[in-house]
Structures are given as C-alpha cells and as structure tokens.
Amino acid sequence: MDYNEEKETIQNENDTGSLWPYLPHPALYHICQYLNYKELLKVGEVCRSWLAVSRDDLLWKNLFYSNFKVDRSVPIIAGKTWFDEFKRVCYHIPIVQTETLTDHIHQVLHVSFSHNGKYFATCSKDGYVLVWDAAFPATIKYHRDMRTFCWKYTQYSQFNQSDTLLLVSGVHFGTPNSTSGEIAVFSLQDGFELQCRVVNKPYDIFGTWYSDQHLLSGDLHWLAHLVSSSVLWLNKASQETGSEHVPITQNLYKFYNRNASSIRAIMVANCLPNSENVSDNVEACKDDDQPKDHEFVIEHGNPVSYHDINGSSSSRNQVFTNPRWCTRNKNVDSFEYATSILYNTDYRKVELEAYDISQGCGSHGCSDDENDSNDDTASDLSFDTSDECDEVQEDKYLIFTTGFKTYTPHQIGFKRIKPFMFPKRMDPGPTLKERIILQERKKEQQRSSSPPPEPNWLDFDAVSDKFDKIDHLIDVHGHIIGMGLSPDHRYLYVNSRPWPQGYTITNPLDPPPIAQEIDIHVIDLVTLKQVGTMLRSHKAYTPNNECFFIFLDVCNEYVASGAEDKHGYLWDRHYGICLAKFPHTDVVNSVAFNPKDPEMLVTTSDDHTIKIWRSRAKAKQLGLNVAQFQEGVEKRRYRMQRSFRN
C-alpha cells in the first residue's frame, strides 16, 4: 500500500461504523502472531491503528526466521528492520528472467561486469568475446573473434578499474594436451582496438589486472620430473612503439612447484591497513588437430591443465560419495543439499565494526558512489607521473591456487606485493663490440675449467635461494574449483570439492577421489583465517581428472555460484541462507552481479545461453509484467509447496 492509499483508508475508516479499529492492541497483536506475511500486510490496510501493529518488528522477526529457516542466533543486519529485510529477500533479490541471450554458439564459460555496472563481457568456446550493454534489454556493444589470433576459445575476462580496458584470457590451438594460453587487452574507448597480447602459461592462470594500466600473466618452465617453476610477469597494458628502450614487462615472482602442481587462478586484492601483521607468515600444510569453424570438441567447462599427465587410474576416475552428504542420484532436487553459510564470531564482530565506522561517516554512512562521479574517466592514482619511473604505492595481495602433495589445486597461496619501481626506460646495456668481447671471455673460461654442475632441482633445500617464498598457504583438503573476492577485498570465498577424511596421498599423479558436493569456505584476508564454511552447498558430478572451474561472485548483500547440476545458486551473505536457484539446461559455469545493482545477476552455461535475472522491484520499474516472465526457484516457495504436497 502506498502513502495515498493508506491516507484514504485512514480517512474513511470511521465511515463504516465498524468497531474493529478499536480492538485493543494486545488482542490484535495476539491475533497477528498466527498470520502469514501476506495476511499481515492485509491487516495493515484496515486503519492506522492496525497498520502500527502490523509493522511491529517482533512479528516480522518471527516471520523472517520461520519463513527463511534462519538460525535464531544470527542477528539482524545492523541498522535494518526485520520488515525491511523480509521485503528485501522477497522483492529485491534477482529472480525474474528478463532476458535470455543466445548470441554465443557454444558453451559460455565466463561473465564479468565493468565497475560502473554499464557493461558486461562474456567468453565462450565459440572463440568470441562479447561486450554487452547492461541496460534493459541487453545488447551487444563490441565483439571480437579471437580465432583470428589462433585461439581455441576465450575463457575469462576482467575490466580494469577505470573501465577503459578489457583483459581477455584464452586458450591457444595446439596439441590436445597443450597448456598454452594468451591474454589480449582491448580498449573500450577506441572502438575495441587491440592494445597488446601477452603469452600466458598454463592458460588456467587466467591473468588479472594489477593496476589500472598493468596486468599479471604467467609462464611455466619444467625443471625435472614433476618439478617446474611458475614465473609471474607484470606487463604494461599498452605496448610502446616509439622507443625500443621503453620496458613493457617485468619479472615479478618465480615460484617452485613440486609434484606436477603449478600456480593457477591468480587474483589481486588490496591489502587492508590492519593486515600488515600477517605478512611473511607461512602456515604449514595439513598434508605433510585444430577444429574447423563451428566443429567443436564437446567437453564441459574449462578443463584443467596437465591433462597429459592424467592416467587412467581407477581411483582418480571415481567420485567420492559420503553417505552423510549426498546420493549419486542426479534427479534428487538440489535444494535438498543447499545449506547455509555458517560464520564464526570473528566475522560477526567485523560486521558490527564496519557498521559503526559507516555510521561515523555521516548520517547516511559512506557510499562508494561519492567517488564515482566520473566513471568513464581513466585515472590511475597508483603510479607516479614523473618521467623517471612508475611507482606502485600500495601493498597488494597476490592470491592463487597451487598444490603440494598432488597436481590438483588444493591450497590457496598468498604473497604480499610491496611497492616497487617500474623503470620507464631500460638500460641499453653494453654495445655489440662489448658483448662480443664478454662472450669470448666466457668461452675461454669454459674451456679452461669444467662446466658447473646442473642444480638438483628435485632437492628444494638446495635450490630454494633461486625462488621466491610464498608468504602464507591455506590447505582446504580438497580440489579448489573457484574463488571470488568481496567488493571491499576483506573476504575470499572459495569453491572446493572435499577429499575423504584422512586420505593419504601416495602418488602425486593419483590425487584423492572428490565428493559430489561443493563446499564454500570464507577466508578473512586480514587475519588469513577461515571465518565461514558451507558444507555441501551445491552439486558436482565430474571426476577429479575432468574437474573444471565453477566461478562464483560476491556482492555486499549476496553470494552466487554456478553448479554442475544445471543451476546457479544465490545465498544471502549475512544470514547465510540459500535464497534461490536459477535453472539452465546444462552446467552453469559462471555468475556475476552488477556491482552497481545487486538486483541484477547474469548466469552463463554450457547450454550456450546467457540469462539475466532482475528483481521483481526492478522488473516493475522497467514496466515489465512479471507474470509473463520465467522466474528462478525461491527456496521459501519451494519449501511451502513441498509442505502443501505433504
């Protein structure tokens, strides 16, 4: 009921001569305790007196806990009312399928949003990257066929902070077991012109922006049997053409990999001020033929690297089934397994502290929008504009997946990146004549002495001085298949498929079998400790050697993830409850919230489609008749329908 309707009702309430408006409040309150939320809203339309009772926050608190099955120990979000929260999770979650985009002709692997919320980009096995205008109805703004660069397919994209450049990561054509990839950067201001291309190996490093004008890529070098090194490179997003002395790359880190593992899925997070005390703290591990156009090889999602070292071990081709968690029947409704995120007291304490800080910023709190008045303007404040060098001023965390006992990624690594100097001009070095003289001297020394012995790369202690040290490792005791960062860079959400309890790995090429359920872990990037866990959050079916990335996304209000059971999933971030699922006809690979509008969610799938979900409130604002559109499945309604059938 809007204000005018309420006013008219109150003005006419005495015209009926009814005595109901004079019912004592305690009696009316007692009656209201037996009403559902729809009936309670109707009661509030009778008169002003009944409206006051129907808005009693204790009534809505009980309705909220009972309708959404929230643990009563979970408090309300600070500064909110229970009525407002009930309304939010009913009418303001993305649930209405307003658009279905079918412009990709193969599996759609990834979706990412620009920071200003105006655009999103999608990557697919058809080899294209598409940039969409996010306004309703979504339309293609830019497109590029990356097969012209000998790419097999596009797999990942990311907008830079100023939304002027787009990083696109892909897989090269090559042998069936090739792990070679490449990163391309396109300008969003000059008609989607190509700025640079960078080698990226293995391809599931993906790549990421380090700053507004610099990106990170990887390279892999095999040193011995099952031993390699991962080198991370810092690259300028636009390659210089005016001078051969202008550097465009810089070696950032070199890590030692054992047991056929490698650095993968890199991302960069801003270090918060109070996280300085956890650097250089290493936590011990818990475990001491090119197809022609449109002729596609059918394989789900983004296959892992090192497919060539995967044998046919029977244990590796099994899916671990824990009878407490699951059944192998794919037809069982997935809501049966969608549990809640359980946060510890440390997480709740940080929430309250953040609210207190926001209240101190003004009557309405601090808003990110205050600094977003010029979203389309490129400005990189992290770099000195002097002629001598580019200097990165802020500490950042390099976050990645890796392994220790086996090649499958089961650890999350953290490396604190300190401020450093990026020279604007290279030292030209010795002249040709000087280089020839130095080369002759080197040859003469080699002839007069025996060559130095090759390092024993299998002995890490003997070669450790040649590599960079990882600051911190967290072992999740399972196969990591996805990571997502909260908007404030405080929390890392991780998708993993757990290993059996107490499983001993005896062969690095024979990793443990994995569960059919995907767990979600929440890690505080200030303390680098786990503060939340959700067991058996959603389903997966592929065995270990076919496991692929399932991307998840986090906004201020919600967490969303894809799944192999042909659905995307939505959880409330504060209360931890599963709110809804979004149906597709095949695996859902990726999800993304509009960073400026959490009531808009995009899901991408192996069914070749992109689906856009908006809230009922947003659909109404757009003038859409919600009844004419498909909707996702809300868990509260599913629960009510099931109770009715029983």
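**Close-up views of a predicted model**

View 1. Over residues 101-133 the chain is 0% helix and 58% strand, with end C-alpha atoms 12 Å apart; helices (H or I, at least four residues) and strands (E, at least two) are DSSP runs, numbered from the N terminus. This is a predicted model, in which local features need pLDDT of at least 70 and side-chain atom pairs count only at pLDDT 80 or more, while totals for chains, interfaces and linings use all residues. Residues are numbered from 1 along each chain as its sequence is written, and side-chain values use heavy atoms, with hydrogens and water left out. Residues 581-613 are 0% helix and 70% strand, and their end C-alpha atoms lie 11 Å apart.

View 2. Strands β8 (residues 181-187) and β9 (residues 194-200) run antiparallel and are joined by 6 bridges; two strands pair if DSSP finds at least two bridges between them. V185 has C196 in β9 as its bridge partner. Between the strands lie 6 residues, and G191 takes a positive phi near 70° in this hairpin.

View 3. S229 belongs to strand β12 (residues 227-236). S229 counts as buried because its relative accessibility is 1%, where buried means under 20% relative accessible area (1.4 Å probe, protein chains only). Not counting residues up to four places away in sequence, S229 touches residues including D219, H221, K254 and F467; contact means heavy atoms within 4.5 Å.

Terms used
Buried means under 20% relative accessible area, exposed over 50%, partly exposed in between (1.4 Å probe, protein chains only).
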